[in-house]
Amino acid sequence: MYIIVGLGNPGREYENTRHNIGFCVLEKLAAKENISVLEKRHKAIIGKGIVGGQKCLLARPQTYMNLSGESVRQLIDFYKADETEELIVISDDVSLEPGQIRIRKKGSAGGHNGLKNIITHLGHDSFIRVKMGVGEKPAGWDLADYVLGHFSSKDREAVEEAADRAADAIRMIIAQGPDAAMNHYNGTKKSGMGSGKGEKIAGAAENFSGKEEDRSRTQGEQEASAGSH
């Protein structure tokens, strides 16, 4: 059984933030494959169905980002999945422009605390990940503030389109293998979508006032919410 994990933070205050793009892709995939993701188990909200002709489990960890590995470890152990071939993790990536997708079969966390925690709990970094571009943070900005903020309207358009393509990419990973999906989707971006560096800075500035009120949360939640690149 394939286990497809979209990373993000639980709670309405984090909906549609850059850090929650993993949840967004998972929702797109669930809608395309008519899979209901409602059951609460293994520190996640899960749903089972068929993707690419194979049995799959879709999961949104509810642990906050930097403890995502706790849920993933429980899922792997309970369903006896081969994490090197049957685990697919979807995460945000500030090194990619909004609208870009990058699929990898292994690799370091790249500063992303959600991936770092998964690697810690698995004991290795050999698992498939689908990285979703959210754009580079503007100079002088705190990274946690940036990833917990919302996209500009132009970047949101690019990201929504990329999330739809990422759902198709996951189907290809399962049906044809990760190499085929990497060749087809890595680095691609729909023409005319996304934004330039100046536009990203402006968009981030517009959303500064809408960032999460993370400062008022407990230190544990602050660290979990800020679990990022």
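Student: Why is Arg165 called buried?

Tutor: Buried means under 20% relative accessible area, exposed means over 50%, and partly exposed lies in between (1.4 Å probe, protein chains only). Arg165 has 13% relative accessibility, so it counts as buried. Bear in mind that this is a predicted model: local features need pLDDT of at least 70, side-chain atom pairs count only at pLDDT 80 or more, and totals for chains, interfaces and linings use all residues. Residues are numbered from 1 along each chain as its sequence is written, and side-chain values use heavy atoms, with hydrogens and water left out.

Student: What makes the pair Arg165 and Glu161 a polar contact?

Tutor: A polar contact is a pair of N or O atoms within 3.5 Å; within protein, one must be able to donate a hydrogen and the other to accept it, and residues adjacent in sequence count only if both atoms are side-chain atoms. The side chains of Arg165 and Glu161 make such a contact at 2.8 Å.

Student: Where does Arg165 sit, and what does its helix meet?

Tutor: Arg165 is in helix H6. Helices (H or I, at least four residues) and strands (E, at least two) are DSSP runs, numbered from the N terminus. Arg165, Asp168, Ala169, Met172, Ile173 and Gln176 of H6 meet Pro178, Ala180, Ala181, His184 and Tyr185 of H7. Contact here means heavy atoms within 4.5 Å. The residues of this contact divide into seven nonpolar, two polar and two charged. In that count, Ala, Val, Leu, Ile, Met, Phe, Trp, Tyr, Cys and Pro are nonpolar, Asp, Glu, Lys and Arg are charged, and the others, Gly among them, are polar.

Student: At what angle do H6 and H7 pack?

Tutor: H6 and H7 (residues 178–185) pack at about 145°, with axes 7 Å apart. Axes are lines fitted to C-alpha atoms, for helices over the stretch in contact, and angles run from 0 to 180 degrees between N-to-C directions.

Student: Which strands form the sheet, and in what order?

Tutor: Seven strands form an open sheet, ordered E2-E3-E4-E1-E5-E7-E6, with mixed pairing. Two strands pair if DSSP finds at least two bridges between them.

Student: Why are E2 and E6 called edges?

Tutor: Strand E2 (39–41) and E6 each have a single partner strand, so one side of each has no neighbour in the sheet. The twist averages 30° from one strand to the next.

Student: How do you know that E7 pairs with E5 and with E6?

Tutor: Count the bridges. Six join E5 to E7, and these strands run parallel. Four join E6 to E7 (residues 128–133), and these run antiparallel. Ile90 stands opposite Val130 in E7.

Student: What makes E7 largely enclosed?

Tutor: Six of the six residues of E7 are buried, so the rest of the structure largely encloses this strand. Ile128, Val130 and Met132 point one way, while Arg129, Lys131 and Gly133 point the other way.

Student: Which face of E6 is covered, and which is uncovered?

Tutor: Ile101 and Ile103 make the covered face of E6 (residues 101–104). Arg102 and Arg104 make the uncovered one.

Student: Why is Val94 called buried?

Tutor: Val94 has a relative accessible area of 19%, and the limit is under 20%, so Val94 is buried. Val94 lies in the loop between E5 and E6. Its C-alpha atom is 4.8 Å from that of Glu136, 42 residues apart along the chain.

Student: What makes a set of residues a nonpolar core?

Tutor: The set must be buried Ala, Val, Leu, Ile, Met, Phe, Trp, Tyr and Cys residues joined through side-chain atoms within 4.5 Å. The largest core has 42 residues; Val130 and Met132 are among those that touch the most other members. Helix H6 (residues 153–176) gives the most to this core, with ten residues. Apart from it lies another core, of 21 residues, including Met65 and Leu87.
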